[in-house]
Amino acid sequence: MAIEQMAMPQLGESVTEGTISKWLVSPGDQVNKYDPIAEVMTDKVNAEVPSSFTGTITELVGEEGQTLTVGEIICKIETEETETEEAPKREEEQHTPSDTDANRQGKDQSNKARYSPAVLRLAGEHGIQLEEVEGTGAGGRITRKDIQKIIDSGMQQKQKSEAPAPAAVQTTQQAPKQQQKQAPAPALSAGDIEIPVTGVRKAIAANMHKSKTEIPHAWTMMEVDVTNMTAYRNSIKDSFKQKEGFNLTFFAFFVKAAAQALKEFPQMNSMWAGDKIVQKKDINISIAVATEDSLFVPVIKHADEKTIKGIAREITDLAKKVRNGKLTAEDMQGGTFTVNNTGSFGSVQSMGIINHPQAAILQVESIVKRPVVMNNGMIAVRDMVNLCLSLDHRVLDGLVCGRFLGRVKEILENIDEHTSVY
């Protein structure tokens with residue numbers, strides 16, 4: 001028999017740590033390789049972690065609610081001797097970086113200023129100046145372990161005494177934590193309810209704050225006459241559902257139009273990268289899917305290559321994954337542009353927060369009937385929708401955004417009974 005150690009896996013690119021939200025096993029339980037043993041939450045996704053071994057759980061090292069860096073031990077499993085004996089060696093290699101690794105990390109500081117929610121919380125609580133911390137993560141990223149090492153050594157006291165006057169050199173990431181610490185908690189009255197902030201909600205808050213503080217948002221809106229599109233979709237929705245087994249939603253038409261326009265205006269499919277702008281080749285549309293208390297943004301890959309039917313199927317499948325808790329890290333990665341269906345809950349005008357590091361987000365509002373003056377001067381009741389575009393003004397200007405939105409409008413207004421959804 002041998003005791004194997006299960007480490008926190010990396011659940012996505014740039015993910016450096018995860019929080020154990022729920023153990024699915026207990027000490028003494030028998031598990032097979034690939035059986036799910038825990039639910040782990042990161043700032044990108046909630047996922048089940050499979051066992052790397054077949055054997056008996058002997059110890060749960062990580063506790064529910066505890067945040068661990070990638071590579072840290074989460075549990076121990078007793079296995080047969082036939083299991084590979086190289087795991088401890090690999091584990092030791094993970095925790096003992098070589099001189100070459102140290103030199104490489106010392107040179108690469110591309111992730112130095114990327115802070116996870118757990119790092120921000122610990123640094124704020126203990127008054128640690130993050131710009132003075134040497135990160136040991138990939139690209140010089142500061143991990144929770146780096147902060148905990150400073151706390152355990154008492155070095156934060158030295159940092160506090162050497163720090164400049166308050167607010168002199170605070171980073172934008174630190175400022176909210178400092179303010180939160182100083183501001184008094186609101187007084188509770190009879191009947192008030194305190195709702196604990198979940199890890200997913202904390203991740204949403206951190207990402208939204210990052211987007212709003214780093215990205216200079218601008219906004220524009222265009223109204224679109226979708227009368228013909230609405231009539232066409234309504235005329236085929238029942239037969240489509242019967243034939244395909246899933247709904248043909250209006251949203252699929254909007255996503256397809258946006259993907260087509262992105263191909264014609266590739267500047268919109270770009271990202272800000274400090275000293276350069278990266279124009280992405282693949283058109284991967286992020287869509288927002290909400291649950292009762294969370295918001296997830298899965299991705300439709302290569303949306304420009306898919307038909308309206310194909311996009312409708314992916315919208316259905318991704319929404320089911322979100323609501324069944326089956327969304328994976330892979331489902332959330334690679335988005336280059338976001339289309340948000342705010343009209344699904346009745347909104348007619350909104351300004352979306354850009355999904356960092358993308359350069360724009362398109363809000364599709366409710367389709368409403370309105371009296372419209374036609375080209376012949378007559379007034380008619382038409383199905384109208386507002387398309388609201390938020391843009392990163394570092395990357396995009398009004399001219400290209402106006403042309404892009406105008407092209408989306410043109411595509412939608414020319415959808416009719418002659419348009420194929422296949």
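**Figure 1. Strands S9 and S19 are joined by 9 bridges and run antiparallel.** Strand S9 comprises residues 217–225, and within this pairing Glu223 has Asn386 of S19 as its bridge partner. Two strands are taken to pair if DSSP finds at least two bridges between them; strands (E, at least two residues) and helices (H or I, at least four) are DSSP runs, numbered from the N terminus. The model is predicted, so that local features need pLDDT of at least 70 and side-chain atom pairs count only at pLDDT 80 or more, whereas totals for chains, interfaces and linings use all residues. Residues are numbered from 1 along each chain as its sequence is written, and side-chain values use heavy atoms, with hydrogens and water left out.

**Figure 2. Strand S19 also pairs with S17 and with S18.** Strand S19 spans residues 379–392, of which 11 of 14 are buried (under 20% relative accessible area, with exposed meaning over 50% and partly exposed in between; 1.4 Å probe, protein chains only). Strand S17 (residues 360–364) is antiparallel to S19 over 5 bridges, with Gln363 partnered by Cys388 of S19. Strand S18 (residues 368–373) is likewise antiparallel to S19, through 6 bridges, and Val368 has Met384 of S19 as its bridge partner. S18 and S19 form a hairpin with 5 residues between them, and Gly377 in the turn has a positive phi of about 90°.

**Figure 3. Strand S16 pairs in the parallel sense with S12 and with S17.** Another 3 bridges join S16 to S17, where Leu362 is the bridge partner of Val339. Phe337 and Val339 point one way from S16, Thr338 and Asn340 the other way, and all are buried.

Figure 4. Buried in H12 are Val400, Cys401, Phe404, Leu405, Arg407, Val408, Ile411 and Leu412.

**Figure 5. Met268, Phe337 and Leu412 touch the most other members of the largest nonpolar core, which has 61 residues.** A nonpolar core is a set of buried Ala, Val, Leu, Ile, Met, Phe, Trp, Tyr and Cys residues joined through side-chain atoms within 4.5 Å. Helix H9 supplies the largest share of this core, 10 residues. Leu412 touches Val224, Val226, Met229, Phe253, Phe254, Ala257 and Leu387, not counting residues up to four places away in sequence; contact means heavy atoms within 4.5 Å. Another core, of 18 residues, lies apart from the largest one and includes Met8, Ile37, Val49 and Cys75.

**Figure 6. An open antiparallel sheet contains 4 strands in the order S5-S4-S2-S7.** Its edge strands, S5 (46–50) and S7 (67–69), each pair on one side only. Strand S2 (residues 17–23) is joined to S4 (residues 36–41) by 4 bridges, and Thr19 has Met41 of S4 as its bridge partner.
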